[in-house]
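Here is a short briefing on one protein chain. Please keep the sequence and the structure in view while reading.

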Amino acid sequence: MPETRTGAAALPPEQRTVLRGWAEAGGPLATRARVVLLAADGLRDAEISRRLGVSRQTVGAWRQRWTSEGIEGLAQRPRTGRPATVDESEVVTRSLLAPGGSGASRAIARELGLSHATVAGVRRRWRLVPDEAPAPCVPTRPPLPGADVWVMGLYADARRGVLLLGSRGAAAHRPAPGTVIGADVLAGLDGALDAALAATAPPAPDDAGGLAAYLAEACLRHPDLDLHAVALWDTAAGGPVLPPAPHGRVSGHLMPLRSGHRSFLRAMIALDSTSHPESSRRVYLDLARDLGRYARVCADTARSPGPGAAVRWLRESVAGHPGGGAGPGAARGQSWSGVNQIDLGSFNECVVIETVRLSGTITRGEIAHRTGLTQQSVSRIARSLLDRGILIEDAQRRATSGKPRTPVRLSGTAAHALGIHIDPEVLTAVVIDLDGAIVCTRTRPVSADTAPAEFVERVAALGRETLARARGPVRPDGFLGIGVAVPGPVDIASGTVLGPPLMSAWGDLPLLYLLQDHFPCPVLMEKDSTAAAAGERWIGRDRRARDFAYLYLGTGVGTGLYLNGDLYRGVSANAGEFGQLCAIALGRVGADGRPELLPECNPPASVPDLAARGGMRPAPPPGGSTAAYRAVGRAAAAGDPAAEAAVREVARAVGRGALGLVDLLDIDLIVLGGPFYTDDVAGFYLEEIGRAVNAFPTARRLRRVEVEPSVLSAQAAAVGAASTIFHATFTPRLRGR
């Protein structure tokens, strides 16, 4: 194709003047200007290339840029893929959100327009190279002394911003990556921080006292951590300055040189959440809420925040003991470290085990028929499970033709698990076998005013005592782990009990990870109602081989849901909060539309109170307690009208909530259980709830909802907690928990 010629007439005089100025000035713009000027004079690309000593590709590229964009296309701009500055913290954030080897580095380099060597260099400086460093290193000025770093707080006012970090210097190895909070939370924090910085709080010429008080409070709340205050910005000083250190407890630092305050905050949050599972979404959503609250207060002209307005966010205590050492359980040389010896890597193995469990005893041919697996596959899997002791053979059955068939069943002694239920009044621990039989049970009273550290030690001591009692029938190589059932709400991702009813002293307690310091085995935590549903499914076998809702009557009424062949936990693992559903069904909402806290959804308090007001004689003990509830239950079973009316009123309220569940989920089975579903009151609950879920649902012509008592014992939550270990190990599923 012949080259096009650009005549002198195509170049306006004013642009020719600008280009001649660039050509005479020299520098990177000179060559571009000369290419266009020579092309405008009618020269071909080959001649321009020869005259200027550049490649024909360069000539063609700048002629094309001129044709498409004009003089603006020739202006100086950063080279593609090579920004003028490198924000190391942004590289670190992306590396942590997408951990990996050289492939991840190359992807990050492409996203940020950097060279692969630059990204690799940043990762080496921060010690993010896999298998080459014991722990990440944060290159603040001076560097942080600790190897294990948490984000502990943020102080921000109209003048300065300070990020508070905590460290423990005893980290001996790099922690395994945990659950990253995700880019969505970081984006939310960015927006909240922008809003807070844009807020117009009255300036404070020297508010160092407010920051010093904040740091002093941090020292009191976190005495077991070394604290480090990193200056993010200071508008009065023109840049970050070292913050004050109260009593020498807090060291002062500046950000790394090649980092912005926003990207450094993102990097530290990503590092914290990746290294520490307890640093979950909830922690940083709390921070975003505090930033948003500060921005709203500053923007509210009706309520002037005053010169002392500031964000003073401090997080709760982090998991672990001072020094990061193992807990007492590990120090005593427990022999339970050989856990999880039952390796079920095959989905088909779990399918076979589930089929045998539901059937009780079953032949290999029947397994193949029910599962759709081939006879050869079933025989191979059964032989492997028999060799490992998970299955055992029963007596042979005579067949109408061919050789006798030998059925198989689960070996109850092949695996055991410990379940611990935490209740405001009593701790319960049970060891159960694979059949759900209780091997050992222990209880220990507890009071709501027990200090958190002492409380955790009591839970661990009860667990150790129960395991020691069960040591005879329980083999260490068949012990699968510990399940812990707690009142909700809970933060499963961080293993934190958030606000248990009647246990306010233990709010925001990272219980799971504190217990993991005591037991060198898998530890799972569930809401008590969800744990009870898991136990019901496991021990109920074929009677519970369908969708159902478990109504757990405890110090509150909760719901455990088993849907589509698995426990349903929801996004935050807090599915099944039942009280508000009842309040809405009964129309009990406040003036602002908030559902009320129904007293009926706290049976041990509401039943005695209703009975006393109804004239029960003798009156139940005041204050609402387990003893008072049981006394009313016995009176109701004996025919006391006031006691019976009280129980029925609570049961009707629960029934209205259960009606909502049935209509919402289209289920046909409701299971009742929990510590306050006793024999004395069982009939009243079954009758009232059964009537509500069958008389009022929209689709009542299409289904009959069965309301049945739980197959679990009085220790439903503890047995269910242990069953969650079996459920996690043996239940076939195509997705992870």
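The secondary structure of the chain comes to 24 helices and 20 strands. The model is a predicted one. Of the 737 residues in the chain, 51% are buried. The points below go from the whole chain to single residues.

**Whole chain**

- The accessible surface comes to about 32,700 Å². Carbon and sulfur atoms hold 53% of that surface.
- Take the contacts with a separation of 6 or more: 68% of them join residues 24 or more positions apart.
- The structure holds 39 salt bridges and 8 aromatic pairs.

- F726 and F730 form one of the aromatic pairs, with ring centres 6.4 Å apart. Their planes meet at 45°, so the pair counts as tilted.
- Both residues belong to helix 24, which spans residues 716–730. They are 4 residues apart, or about one turn of the helix.
- In an α-helix, residues three or four places apart point the same way, because there are 3.6 residues a turn.
- Ring pairs join F726 and F730 with W538 in a cluster.
- W538 also has a charge over its ring. The charged end of R357 sits there, 4.4 Å from the ring centre.

**Salt bridges**

- R16 and D41 form a salt bridge, with the closest N and O atoms 3.8 Å apart. This pair links distant parts of the chain, 25 residues apart. R16 lies in helix 1 (residues 13–25). D41 lies in the loop between helix 2 (28–40) and helix 3 (45–52).
- R221 and E217 meet in a salt bridge at 3.7 Å, N to O. Both lie in helix 9 (residues 208–221), 4 residues apart, so about one helical turn separates them. R221 is partly exposed at 40% relative accessibility, and E217 is partly exposed at 36%.
- D609 and R613 meet in a salt bridge at 3.1 Å, N to O. They are 4 residues apart in helix 20 (residues 603–613), about one helical turn. D609 is partly exposed at 39% relative accessible area. R613 is exposed at 62%, because the cut-off for exposed is over 50%.
- Which residues make up a salt-bridge network? E644, R648, R652, E687 and E688 are linked in one.

**Helix 5**

- Helix 5 covers residues 88–97 and is mostly covered, with 8 of its 10 residues buried.
- The buried residues of helix 5 are E88, S89, E90, V91, V92, T93, S95 and L96.
- At the start of helix 5, D87 makes a side-chain to backbone approach. A side-chain oxygen of D87 comes within 3.1 Å of the backbone nitrogen of S89.

- T559 is part of strand 17 (residues 556–563). At 2% relative accessibility, T559 counts as buried.
- What does T559 touch, leaving out residues up to four places away in sequence? The contacts are S529, A549, Y550, L551, A575, G576, F578 and L661.
- N564 lies in the loop between strand 17 and strand 18 (566–568). Its phi is near 55°, a positive value in a residue other than glycine. N564 counts as exposed, at 73% relative accessibility.

**Other backbone features**

- R541 is not a glycine, yet has a positive phi of about 50°. R541 lies in the loop between helix 18 (528–540) and strand 16 (548–554).
- The peptide bond joining R141 and P142 is cis, with omega about -5°. P142 sits in the loop between helix 7 (116–125) and strand 1 (148–156).
- A cis peptide bond also runs from R617 to P618, with omega near -5°. P618 sits in the loop between helix 20 and helix 21 (626–637).

Conventions. Residues are numbered from 1 along each chain as its sequence is written. This is a predicted model: local features need pLDDT of at least 70, side-chain atom pairs count only at pLDDT 80 or more; totals for chains, interfaces and linings use all residues. Side-chain values use heavy atoms; hydrogens and water are left out. Buried means under 20% relative accessible area, exposed over 50%, partly exposed in between (1.4 Å probe, protein chains only). Helices (H or I, at least four residues) and strands (E, at least two) are DSSP runs, numbered from the N terminus. A polar contact is a pair of N or O atoms within 3.5 Å; within protein, one must be able to donate a hydrogen and the other to accept it, and residues adjacent in sequence count only if both atoms are side-chain atoms. Rings of Phe, Tyr and Trp (its six-membered ring) pair if their centres lie within 6.5 Å; planes under 30 degrees apart count as stacked, over 60 as edge-to-face and the rest as tilted. A charge sits over a ring if NZ of Lys or CZ of Arg is within 6 Å of the ring centre and within 35 degrees of the ring normal. Contact means heavy atoms within 4.5 Å. Accessible areas come from the Shrake-Rupley method with a 1.4 Å probe; for residues, only the protein chains shown count as cover. A salt bridge is a side-chain nitrogen of Lys or Arg within 4 Å of a carboxyl oxygen of Asp or Glu.
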